Amino acid sequence: MEINKHYFDTVIIGSGLAGLRASIECVKHGTVAVLSKLYPTRSHSTAAQGGIGAALGNEEPDNPEWHTYDTVKGSDFLGDQDAIEIMCYDAIPTIIELEHMGVPFSRTPEGKIAQRRFGGHTRDFGAAPVRRACYSADRTGHAVLFALYEQGQLNGVRFFQEFQVLDIVIENNAVQGIITMNIKNGSIHVFESKALIIASGGFGKIFKVTSNAYASTGECLSMLFKQGYPLEDMEFFQFHPTGLYGLGILITEGARGEGGILINGNGERFMERYAPTIKDLAPRDMVSRAILTEIREGRGIDGKDYVYLDLRHVDKKILEERLPEITTFCKIYMGIDPSKAPIPVVPTAHYAMGGIPTDVDGRVLKDVEGSVIEGLYAAGECACVSVHGANRLGCNSLLDTVVFGRRAGKSAISIIKSAKKNRVKKERIQNIIDCISMIKNSNGQENVASIKQDLQKNMMDKCSVFRKEEDLKELLDEINNIKERYKEISITDRSNTFNTELLDAVELGHMITLSEVIVSCALQRTESRGAHSREDYPKRDDENWLKHTFAFQTEKGISFKYKPVKITRFQPQERKY
């Protein structure tokens, strides 16, 4: 098979906000390639609806110190406070910079960037909700991504769309490059580089009901894990409270920020019981648990497994101007006009707080002591810096991508200037070609789609919002069975052109790996904290578990090490809202 070789000073995996923002920094100092298995403007960052957090104070008094406190508290005190402080104080210049790059933010009557309320964001250290989310109607991610993509093109970034990453090559503690497949024709392409930035996004497709796109399968995390590098805090996976019932399509938290309320089958505004101060604008983990508790206790709508998000009392002009996308979604997918009827919602798998461990400059860590892999960086949802801890606040995700994407890009510049050119060995390339050939020519009896459906259903049933030891142990046994079934897969499409069945098979292997890591981490953390809710251990245990989990693959299975949480100012306290 012909091997196509490319050389760039920096290679970036992923064309979402983190990858694009990093590319704009790196291209100032050398050649840059951005690879995506999608067309860049279809990256999942476009799905972000409600806003990006920054204490601008445009509509009411605000302070980055309050933003820092809210993020620490929202993380259930597992977030590293040095990183959180960097993010929240960088937020203000970051928004202004994005505005100068051409992001069309919604405006106040005075022409300032408009801001809305979002869950967990408060003034005066929790006294009341505050307008902190900068937004572009309910298409904020879309607006920011298109602006950054245009900036990348203008500055000479090279884009390689529809390329699937097959391997990340690290030799002698230094990144050498990546091995990829051109989806269009099945050809193998090797990208060698001095610096590699992983910005590949999340992996919500391991769950049956998710707001994530089909491309969110997490293979880059799995590739590093299989080489013996750690993944951090993988037990923490956020379920967004308001996904369209039966579909998982996201209804932005901005809908509640504009006045929407959650009601149960008795017509009650039930969040008053769970968070009496900020009610429907409590952090996502609390709202998700509240919704499922209402359903479990028989207060779902007509006894069914969903509740209502009610926007009927919100001015129709606000729905049209500030929430046009979700209004359209409801009409298309549910046949509902939100101005006339409530929306059926239920929690949907949404966001990974854990991922590839990094420092505040995006450098990938290989151990709990903080040693780094030379030339390797990560940013965005695939990374764990950790600013989100056990639970991410809404509108901090876009902020994370652009703040730490920028920092990773700036950090990579030193490697670009000093490192020698790297090379990927022929033997490594041949191993990947052999693996692909093995899948294409397999004659097993198992179907990829069937295995994936079983994995997603089991993860949803036994490792979602609520967890317990019995279920997690059963799930590990089921995953081990799925691993054996995966060895017997076969595919019917053996062509080279747009062979999506082959790519599904490759992605499934990585999804199985990540599922095992998540379940193993969830089993060993015997407490409830943030999005990790153990019914058999319902209390938070700061004495034993105020620490980050590092999971490693070994010959004997998954092993764990731990790293202290960085606490600079805000001591752990009871989480009341």
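**View 1. Met459 and its neighbours in the predicted model.** Met459 touches Ile206, Phe207, Ser464, Leu475, Ile479, Ser515, Ile518 and Val519, leaving out residues up to four places away in sequence. Keep in mind while you look around that this is a predicted model. Met459 also belongs to the largest nonpolar core, which has 80 residues. Together with Ile168 and Ile198, Met459 touches the most other members of that core. Helix α15 gives this core its largest share, 14 residues. A separate core of 55 residues lies apart from it, and its members include Val72, Val387, Val402 and Phe404. As a general point, nonpolar side chains in soluble globular proteins tend to be buried together.

**View 2. Helix α14 packed against helix α15.** How do α14 and α15 run relative to one another, roughly parallel or roughly antiparallel? Helix α14 (residues 469–486) meets α15 at an angle of about 155 degrees, and their axes are 10 Å apart. The two helices are therefore roughly antiparallel, since angles over 145 degrees count that way. Their crossing is left-handed. On the α14 side, the residues that meet α15 are Glu469, Leu472, Lys473, Leu475, Leu476, Ile479, Asn480, Ile482, Lys483 and Tyr486. On the α15 side, look for Ala505, Val506, Leu508, Gly509, Ile512, Ser515, Glu516, Val519, Ser520, Ala522 and Leu523. The residues of this contact divide into 13 nonpolar, 4 polar and 4 charged.

**View 3. Helix α12 crossing helix α15.** Here α12 (residues 426–440) packs on α15 (residues 500–524) at about 115 degrees, with 10 Å between the axes. That angle makes α12 roughly perpendicular to α15. The crossing of α12 past α15 is right-handed. Which residues make the contact? From α12 come Ile436, Ile439 and Lys440, and from α15 come Leu502, Ala505 and Val506. By type, the contact of α12 with α15 has 5 nonpolar residues, no polar ones and 1 charged.

View 4. Is Cys521 buried or exposed? Cys521 has a relative accessible area of 0%, so it is buried, the cut-off being under 20%. Setting aside neighbours within four places in sequence, Cys521 is in contact with Met234, Glu235, Thr549, Ala551 and Phe560. For a sense of scale, Cys521 and Val165 are 356 residues apart in sequence, and their C-alpha atoms are 26 Å apart in space.

**View 5. Helix α1 beside helix α4.** Helix α1 (residues 17–26) and helix α4 (residues 140–154) pack at about 30 degrees, and their axes are 9 Å apart. This makes α1 roughly parallel to α4, because angles under 35 degrees count as roughly parallel. The crossing of α1 and α4 is left-handed. Leu17, Leu20, Arg21 and Ile24 of α1 make the contact with Gly141, Val144, Leu145, Leu148, Tyr149, Gln151 and Gly152 of α4. Sorted by type, the residues of the contact of α1 with α4 are 7 nonpolar, 3 polar and 1 charged.

**View 6. The buried residues of helix α10.** In α10 (residues 324–334), the buried residues are Pro324, Glu325, Ile326, Thr327, Phe329 and Cys330. What do the buried residues of α10 pack against? Their partners are β11 (237–244), α6 (254–257), α9 (316–322) and β14 (343–352). Just after α10, Gly335 takes a positive phi of about 65 degrees.

View 7. Most residues other than glycine have a negative phi, and most peptide bonds are trans. Asn172, in the loop between β7 (163–171) and β8 (174–182), has a positive phi near 55 degrees. Asn172 is exposed, with a relative accessible area of 78%. Lys279 sits in the loop between α7 (271–274) and α8 (284–296), and its phi is also positive, near 50 degrees. Lys279 is partly exposed, with a relative accessible area of 24%. Finally, look for the cis peptide bond that joins Val385 and Ser386, where omega is about 0 degrees. Ser386 lies in the loop between β18 (383–384) and α11 (396–418).

Terms used. Residues numbered from 1 in each chain as written. Predicted model: local features only at pLDDT ≥ 70, side-chain atom pairs only at ≥ 80, totals over all residues. Heavy atoms only, no water. Helix = DSSP H or I, 4+ residues; strand = E, 2+ residues; numbered from the N terminus. Buried < 20%, exposed > 50% of the residue type's maximum accessible area, 1.4 Å probe, protein only. Axes fitted to C-alpha atoms, helices over the stretch in contact; angles between N-to-C directions. Parallel < 35°, antiparallel > 145°, perpendicular 65-115°, else oblique. Left-handed = near helix turned anticlockwise from the far one by under 90°. Contact = heavy atoms within 4.5 Å. Nonpolar A, V, L, I, M, F, W, Y, C, P; charged D, E, K, R; others polar. Core = buried A, V, L, I, M, F, W, Y, C linked by side-chain atoms within 4.5 Å.
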